[in-house]
Amino acid sequence: MKLLRAHSPLWALIALFTLLRLAVIGHFGLGVDEAHYVLYGLYPALSYFDHPPLVGWTEWLFTALLGVNEFAARVPAVLIGAAATALLYFWLLRIFDSGRLALWGALALNASFLFNALFMMLMPDTLLFLFAIPVMITALKIEEHNRLGDWLLLGFLLGLSGLSKYTAVLFVAALLLYFAYRRRWDLFLTPKLLPAVLLAAAVVSPVLLWNIQNGWISFAYQSAHVAGSGGISLNAFAQSLGAQFGAYSPFLFPLAFYGLYRALKTPQNAPLFLSGVFGLTLMAFFTYNSFFARALPHWTALFYMLFVPIGTVMLLQKSRGWQRYAKSAVAVSGLLVLVLYAELRSPFIPLPDYKSLHRDLYGWDTIMRRAAGQITDPARQAAAVTNWSLASRALYYGRSYGIDTYLVDNRFDQFDLWQPETPEGRDLLFITTHDFKKGITPAMRCDSTEQAAIFDLNLNGRKVNTVTLTWCRGFKGAQ
């Protein structure tokens, strides 16, 4: 009770955003990645082609408890958002010793655009928000006391991080850099390190076992996916940076880099400097790789989770003009977030055809219902898509109508593991959309083709998508 009273503004902030998110999450369809991770939960396994298994295990638990629906799939992300806000607040309190400044940092986190998505849509990155700050707190305890219990806790937390996302290995790199800078060479040689390593390996062993069973395909895929395979591309770098600029709020984006700069110049403040080493390690890795392949904005979420708040607090400690900028940046971003919540709950923003904010979220239940209506013999007929980004939503929403749905392409991925049987010989109803209109006739070998239907998905009088259903009779494979 004392903790509740002492930090009542924090709990009020968390309650407000949690209630807002719970009021919204059941009112829009699953996105591309979201549907993929819900399918993880519906097909539980030791690990998966794309990512380690914790995101799938979490979806399995919540959909088992609350049912298979959009609301249940998003509840864990909402709860993690509440926990991450509290963890960040107490971390900032440790750094700055001010409840008022820590509260501003927590507000800045929740005013940043992409965090509101990650706090409603469960991703592997969302899970890492639970572990990054506890890892840093435990590292500081090890630096101070070097106790076996803290080493074991660190190993456990790093193992859980590894079960969440492969790039959690950067946590280890950051800790090594931090201890090396502090000249704590004794921590590299202590016998207490070995049981921590063994515990981390035990926790992450499902990933290792799955990869051993499947020829290490997940590690190979992730290496190529993050690093790319071409030469240096300034365009890829510019696109990556521009996406982050928009995703985390143009008003808050520069504050993050100011916060990193100040953190790295303050080695005497151990938690702040450790945050700087973590942030620099994460950003350096993804920035380097963005010169070879475009980095998705959520890959750098942990950096911005730390440094949007830290940068905000740092500006609030400067002159009155900078304080006004920091407060205005948080306020304007927060108001835009509320507008986006209102749009998700009840769409009202008029945008041109095919430019809707809902283009990845709206209409897949309708698409699969219309497709199911065309399928009269499920034993001989099935639905199909030609791109992986359509497949997760098609499989998820097609389940409700009892039809088989296949991804037909030339890329080996998780769908090939879920559907090892081939659909050759069946009549396939191909679903193509406005953004993915791969021609069926030149791309697929069929006895015959015929268009079954074409229809628009409209929202507030504007086209969100145009969908074409095309029969491939006697499917014989892709060209």
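Which are the buried residues of α10?

Guide: This is a predicted model, in which local features need pLDDT of at least 70 and side-chain atom pairs count only at pLDDT 80 or more, while totals for chains, interfaces and linings use all residues. Residues are numbered from 1 along each chain as its sequence is written, and side-chain values use heavy atoms, with hydrogens and water left out.

The buried residues of α10 are Asp150, Trp151, Leu154, Gly155, Leu157, Leu158, Gly159, Leu160, Ser161, Gly162, Leu163 and Ser164. Buried means under 20% relative accessible area, exposed over 50%, and partly exposed in between (1.4 Å probe, protein chains only). Helix α10 is thus mostly covered, with twelve of its 17 residues buried. Helices (H or I, at least four residues) and strands (E, at least two) are DSSP runs, numbered from the N terminus.

The length of α10, which comprises residues 148-164, agrees with expectation: at 1.5 Å a residue it should span 24 Å, and its end C-alpha atoms are 25 Å apart. The expected span of a helix is 1.5 Å times one less than its number of residues.

Helix α10 packs with helix α11 (residues 169-181) at an angle of about 140°, their axes being 8 Å apart. Axes are lines fitted to C-alpha atoms, for helices over the stretch in contact, and angles run from 0 to 180 degrees between N-to-C directions. The helices α10 and α11 are therefore oblique to each other, since angles under 35 degrees count as roughly parallel, over 145 as roughly antiparallel, 65 to 115 as roughly perpendicular and the rest as oblique. On the α10 side, Leu154, Leu158 and Ser161 meet Phe171, Val172 and Leu175 of α11; contact means heavy atoms within 4.5 Å.

Leu175 leads on to the largest nonpolar core, which has 141 residues; those touching the most other members are Phe115, Phe129, Leu175, Phe278, Tyr304, Met368 and Ile431. A nonpolar core is a set of buried Ala, Val, Leu, Ile, Met, Phe, Trp, Tyr and Cys residues joined through side-chain atoms within 4.5 Å. Helix α5 (residues 70-96) gives the most to this core, with 14 residues. In soluble globular proteins, nonpolar side chains tend to be buried together.
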